[in-house]
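Here is a brief report on one chain.

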Amino acid sequence: MTAKINSEDYALALANRSAALYHLKEYDACIQDIHHALENKYPTELSYKLYEREVKCLKHIGNISQAKLKFKEFLSHLSLAFVSKEKKKDLEMKMKRFLKESNLNETNNKQDKLNVIKLFGGPNKNIPALSKFVKMKYSESMGRCLVVSSDINPGEVLAIEKPYAGVLRCESYGYNCQNCFKRCLSGIPCLKCTLVIYCDESCRKKSYDSGHKYECLIFSTFRSWPGMDHMEHLSLYIFLKSICKLGFDEYIATVCALNTDTTDPMMRGFNNNGKYLSDQFCSVYTLEGNESKRTVSDLFLRHCYAAVMVSIMTLAGLQIPNHQLGTVGESLVHIICVVSSNAHGITQLLNCETQLKKNLAVDKRFIPVASFLMPVLSLLNHHCDPNVVRHNYNGTVVLTAIQPISKDSQLFDNYGLLYATHPKESRLQRLKNQYCFCCECSTCKDNWPLYDVLADQPRSECKIFTDISSDLLQKSSMKLYEIINKIKSKECDGLQYIQFLYSHLKLLHDNIKRPWGEYCDCQETIKEILYSTANKFIIEDY
């Protein structure tokens, strides 16, 4: 949107978009645009059109009582319209008939009950983003890591974390909220730039106060700077957000204290109350940046990024005292390295249809949404066959067990390189280049085959290492593929079968030798269901 805020042009643009949203049957987004238009100098003599549209939206979504109340407002504003008495009477009669029409084809006012996501066992006392059955450990070889203190079944939620900071990927500018990262069809622009949108006034204010007031001034320049991408943008935003949150003097003091901190490595990032919190700068700054393992050319490039950032911020008016330029630059270099080693990406389905190729969902129509820095989930180490999976719920990331995990075992995430989809050599090379380590997980040591190979294995090659009945396994397997076919044919989204899928996954894990294609199919089906039904869940507050 480029129309001036609080102008008639802006209100007309919102009203026209509401009309488009109505025809797309995006009724909630349509109502939001109607309200914004009415708040922004929409012509009084035309306002009856918007009230008429809102009445129709409310009826379509099943809110009949609210539609009847809004109908009274429609009549009130219709009296102000520059149309003939006959036209007014005709519109009134049409709306009365519309309200009396049967609503059998529309959703009723009783909405589907949302599924509540809650941490397994409640939150960890010292690291509240984690389940109480997950704890932090430290080893010289792997650094800090997360382990479970109890046996874990597939489907258990082990972490719920909001990012310290996040930035949209360029593919999602204009489509997702800059603050909460939700897809928003009725977004409103920043008050000072037209490069970002927000889902509502609350998100716009939060974003402005937490860093966009500085980012806004340099956003256009930064986006067009050669070599600067979403990782550098996230690094800059972490700095700006921290400055807004702490103030410049406290930021410098915190950085200096953390740079000279000799605390036990496992306790770095914990605050004075002994808690490791996702919204505190100390948790971010003490993450591993792997500077000592990086090449000279890599570090030189990151120093150049920091120098450009400082220059752009200074030219934009951010007051950085000359004697503090070195500390600011040094902190930015470290943040850039931390982001490179710890950032997480979130995606969303391009459309609501889940695409399954063969049985494994490898033809995902996902688009990148944002890059996050999450201090707790950054403690997860990599495995090419991870035992947890991450899903995004409107800017909050939920970590769910995707395998049975035995007590005292480590939680393993995946850094975007699965054994089933990436050859061993390419996995090792990319992990070494970006994350500065050589993967020695079991799938790399044993060189597990790609999914394409596993998918062609005959059932006769399945190795059962227990005395379980083969008929029981086969019956459960048949139900798995019946569910997959139902999802492929769009009979259902699969959510009603999620508990069976978790139990089938455990059945396979406990009885068959891996790697096995069916195990992959079950895992990927669970992942796809969780992706495509995210709007049917709500996260419990702690």
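Contact here means heavy atoms within 4.5 Å. By that cut-off, and leaving aside neighbours within four places in sequence, asparagine 290 is in contact with Ser341, Tyr435 and Cys436. The model is predicted.

**Confidence**

The chain averages a pLDDT of 90. A score of at least 70 is reached by 94% of the residues. Among the elements, strand β4 (residues 157–161) has the highest mean pLDDT, 98. The lowest, 84, belongs to strand β8 (residues 344–349). Over residues 352–363 pLDDT stays under 50. The model still has 24 contacts beyond four places in sequence for residues 352–363. Where pLDDT is low, predicted coordinates should not be read in detail.

How do helices α4 and α5 run relative to each other, roughly parallel or roughly antiparallel? The axes of α4 (residues 64–78) and α5 (residues 85–100) come within 11 Å and cross at roughly 175 degrees. Angles over 145 degrees count as roughly antiparallel, so α4 is roughly antiparallel to α5. By class, their contact has eight nonpolar, no polar and three charged residues. From α4 come Ala67, Phe71, Phe74, Leu75 and Leu78. They meet Lys88, Leu91, Glu92, Met95, Lys96 and Leu99 in α5.

| Residue | Partner | Distance |
|---|---|---|
| Glutamine 410 | Asparagine 381 | 2.7 Å |
| Histidine 35 | Glutamate 54 | 2.8 Å |
| Asparagine 290 | Serine 341 | 3.1 Å |

Glutamine 410 lies in the loop between β12 (396–401) and β13 (412–413). Its relative accessible area is 13%. Buried means under 20%, so glutamine 410 is buried. Beyond four places in sequence, glutamine 410 touches Met142, Cys145, Leu146, Val147, Asn381 and Asn387. Asn381 is also the partner in its polar contact.

Asparagine 290 sits in a loop too, between α9 (281–285) and α10 (296–315). At 10% relative accessibility, asparagine 290 counts as buried.

Histidine 35 lies in helix α2 (residues 27–39). Its relative accessibility is 32%, so histidine 35 counts as partly exposed. Histidine 35 and serine 18 are 17 residues apart in sequence. Their C-alpha atoms are 9.7 Å apart in space.

Most residues other than glycine have a negative phi, and most peptide bonds are trans. Which residues depart from this?

Lysine 25 has a positive phi, near 65 degrees, and is not a glycine. Its place is in the loop between α1 (8–23) and α2. At 62% relative accessibility, lysine 25 counts as exposed.

Asparagine 447 also has a positive phi, about 50 degrees, although it is not a glycine. This residue is found in the loop between α13 (442–445) and α14 (451–455). With a relative accessible area of 45%, asparagine 447 is partly exposed.

The peptide bond from arginine 514 to proline 515 is cis. Its omega is near 5 degrees. Proline 515 is in the loop between α16 (498–511) and α17 (517–532).

Key
Residues are numbered from 1 along each chain as its sequence is written. This is a predicted model: local features need pLDDT of at least 70, side-chain atom pairs count only at pLDDT 80 or more; totals for chains, interfaces and linings use all residues. Side-chain values use heavy atoms; hydrogens and water are left out. pLDDT is the predictor's confidence in each residue, from 0 to 100. Helices (H or I, at least four residues) and strands (E, at least two) are DSSP runs, numbered from the N terminus. Buried means under 20% relative accessible area, exposed over 50%, partly exposed in between (1.4 Å probe, protein chains only). A polar contact is a pair of N or O atoms within 3.5 Å; within protein, one must be able to donate a hydrogen and the other to accept it, and residues adjacent in sequence count only if both atoms are side-chain atoms. Axes are lines fitted to C-alpha atoms, for helices over the stretch in contact, and angles run from 0 to 180 degrees between N-to-C directions. Angles under 35 degrees count as roughly parallel, over 145 as roughly antiparallel, 65 to 115 as roughly perpendicular and the rest as oblique. Ala, Val, Leu, Ile, Met, Phe, Trp, Tyr, Cys and Pro count as nonpolar, Asp, Glu, Lys and Arg as charged, and the others, Gly among them, as polar.
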